[in-house]
Every structure is written in C-alpha cells, then in structure tokens.
Amino acid sequence: MYHILAIDDDLNFLDDLSSLLKFHNYVTRGINNPHKALSLLNKDKFHCVLLDVQMPGMDGISLLEQIKEKHPTIPVIMISGQSTLAIAVKAIKQGAFDFLEKGADLDRLLITLKNAIAHYNWLKERRLLINELLENYQMIGQSKAMQQIFNQIDFVAPTDSKVLITGETGTGKELIARAIQLKSNRSTRPFVRINCAAIPETLIESVFFGHKKGSFTGAIKDQPGKFELADGGTLFLDEIGELPLYAQAKLLNVLQDGEIEKIGAQKTQKVDVRIIAATNKDLMTMIKEKKFREDLFHRLNVFHIHVPPLRERIDDVPPLVEHYIKHYANELNKKIVGISPAGMNILVQYDWPGNVRMLRNVVSRAVMFAQSNVISEGEVSLALDMDRYQPLFAQNTMTLAEFLEFQERQFLRQMLILCNGNKQQMAQRLGVDRATLWRKLKRYNLSMADEQSQ
C-alpha cells in the first residue's frame, strides 16, 4: 500500500481526506503542524505529500522548498483553498508535482495522486538502474591522476560539452565515456558506441546516418544510423583517429549543423546527440601529416581528458586487483579473499603494456587457477605468462605445431612451479596420469631444480 503524508492546518479537512483515501487503499498520515513534516519524512517512508499552501507559522511554499531539498524524489502536490495563478506557477517552479484547489473533484485528485506515485516509482527505478550501471562500469583508482579524472568527469558530465578522451589502448576510455553519460542529464537516454576502426569505408555513411530502402544494392529496408539511434542521448566515437578524411568531413558537417541526411533521403533531420570521442592516436601529429582535420579536432576537443597508462599510476594496481578478485571470484563462485604479498608484488612491479584491460584478464585467470582462498605467487605467474607471450605469438611465424608446443611447455613450466615440483598434485590438476606427465616433462627437459635456479 502507498503511504501519503497530508499537511494542513484544517483538522476537518485532514479527517475527510484520510477517510477518502483509505477507501481507495491509501494509508494517510495527517498532521496540522508543518514544522513536524521534515522529521516525519526523515523517519517514515512516504510515497507522496499533499501540502496546503496557507498555514500559520510556515507557508506551504517555504516547506515545499525544504522538502525538495532534502527529499527530491518524493512528489509534492500543493492544495489550496485560496489559489491564484501566481501561487500555482511559483509552486510548480519550486518543484511541486501539481497544484490542486480544495474542493476539486475526486477523480482529479485520485488521478493526480496516481500519476505522482507513478513518477516516484519511475525515479526510484531510474536511481536503482543508474546505481547498478555505475557499479558495472565503476572506475577504480587512488592515484592523483585518477582522482583528477574523477573530478573532470563530475565537472563535465552535467553539461552537454563535447569530450575528447585520449590514452593508450586498455586504459579505460570507454569506462570514462559511460561514467560521463551516467552522471549526465542524458543518463536514461541511449548510449551508442561506434568503433570507427571496425567499419568498412563503403559503409561508414550508412552506419553513421542510416539509409532508405532501395538507396543502394542490398538496402532492402529503411535502416536508422547511429546518430538517429543516439538521439537524445550520447554517441561515443571510439578510435576516432581511424576515421578516413572524407568521413571526417561528413562528421564535421553534422557537428556544425546538428542535422543528418540518410542515404537516399530527400531531406535532412535534426538530431540532439552529445558527442564523446576517444583515441589512442596522437591527433596533433596526424593533423601535421594531413591525416586528421584540424577543424574537426577543435570541434571534438572542447573538453579533454587524458588517461595515463597504468605503468605511470602504479598506485592503482592494488585496488584494481582487489576489485577484480572480488568480481571474478563472485562470477566463478569461488571463495577467494585476496592475494599473497608475493603475488601482489609481481603485479605491482610489472609494466602492464596492455594497461587495465590486461590486468583484468590476468586477475581473471589467476582467480580461475586459484586452489585456495588466497591467490599464490605461482598462480599469478602462470596467469601473467599467458598474457606476456601474446605479442610473441602475434609477431612470430610459428607453425601451428610449434605454437602448440611452445604453449604446452610454458604451461607445464608454470604448473611445475605452482605445485612446487609435486608430480602427483601436478598430474591431478592437469587431469593426466603420472606416466604421461613424466614423458612430457622429459620431452621438454623440465625440472623443479632448473626452475628454482633461474
């Protein structure tokens, strides 16, 4: 049942109102002392407030201001027996949900109350959704650099300013873009991402602006573009430095005019989109090399956020590790409470060429490998080695057989360290018999003594 707080100096009116609303399944608490209203709102849960305009000791407009300041999500319906248009306008400006005259017909009161409570529930759901999204996309960091970025996000989010985010791959540029969206007035509107590096050149215009049916071969139906899908919300242009020059010119026109033109359309259409762009490229160098338009750069670079690589903010490694351990332990249903000091020391001393994205992958594997409630040094080494050799695989001309042998040797070497040379434990964890394990160790000339001497 919904709980209503009615504030009026007329006790007879409060009694009549309480009886009326009780009949329609509302629980009503009536008070004739406006000074007690705030303490009641702090102590008990109410879904809506019905507030008289004229009361001795404190007028309703003043109390409305205090209620909206301390309880902004609770809708307040103003009720007055001496209403004027000026009072009604002032009440609405101060945040009142609606304004009713005393003696208004019952249907209007009930409809207004129903709408006010629906609005309250919507605000509550919106707040829960935003909190959930912020949890999913939360940013972790205690370094001075990250604290500055948090301050920049809080500063620019409420505006509609365009934002350019720069930084190496894996530093979390998309997380920053999502944090800006979630803390903005567009938080309930779409967040649409375009990976500019992943769109074939022939499809860029269609992806950005959409097309009409029959406008080109294969256009079998009308298709909205990303700008249209993001209307009212935020468009995140990831890897903006990869956009070809001709597409940069098209984008510049949209940013200047706020209008898009679908392929095959006869007229343009207005769009209201906030632009956030990101790149790991040096755009100033690209401008000098005539690979990026300077006028587009200035359009995008209204507010600039630079994300330093993880190796330059090593203070952020421990809290990131703790966060990802908790996340992946929960995801994998494992009771892991932390990481050994030696294991953390390995992670803190590593230079993280793949930045936070690489750290997250390493921790997820370490959690998967963990055999106790504390991740060991060996488990960290095993998880890290699987990422450490990725550049080697990408650059080498190994055959498939050579690649598989290399992977198997590295895995066995780390498992040998992980099990402290215990062959029985190692065989059990690998799911093979001891004879098979012995043959493989002999084949790769692996022994615990060799590993300890390295």
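Colleague: Which residues does Ser 364 touch, not counting residues up to four places away in sequence?

Modeller: This is a predicted model, in which local features need pLDDT of at least 70 and side-chain atom pairs count only at pLDDT 80 or more, while totals for chains, interfaces and linings use all residues. Residues are numbered from 1 along each chain as its sequence is written, and side-chain values use heavy atoms, with hydrogens and water left out. Taking contact to mean heavy atoms within 4.5 Å, and leaving out residues up to four places away in sequence, the residues that Ser 364 touches are Tyr 328 and Leu 332.

Colleague: Is Ser 364 buried or exposed?

Modeller: Ser 364 belongs to helix H15 (residues 355-369); helices (H or I, at least four residues) and strands (E, at least two) are DSSP runs numbered from the N terminus. Buried means under 20% relative accessible area, exposed over 50% and partly exposed in between, with a 1.4 Å probe and protein chains only. Since its relative accessible area is 19%, Ser 364 is buried.

Colleague: How is Val 374 placed, and how many Å in space is it from Ser 340, C-alpha to C-alpha?

Modeller: Val 374 lies in strand E16 (residues 374-375) and is partly exposed, at a relative accessible area of 31%. Beyond four places in sequence, Val 374 touches Val 337, Gly 338, Ile 339, Ser 340 and Glu 379. Val 374 and Ser 340 are 34 residues apart in sequence, whereas their C-alpha atoms are separated in space by 6.2 Å.

Colleague: Why are H19 and H20 roughly perpendicular to each other, and at what angle do they pack?

Modeller: Angles, which run from 0 to 180 degrees between N-to-C directions of axes fitted to C-alpha atoms, for helices over the stretch in contact, count as roughly parallel under 35 degrees, roughly antiparallel over 145, roughly perpendicular from 65 to 115, and otherwise oblique. H19 (residues 423-430) and H20 (residues 434-443) have axes 9 Å apart. The two helices are therefore roughly perpendicular, because they pack at an angle of about 100°.

Conventions
Polar contact = N/O pair within 3.5 Å; in protein donor to acceptor, adjacent residues only side chain to side chain.
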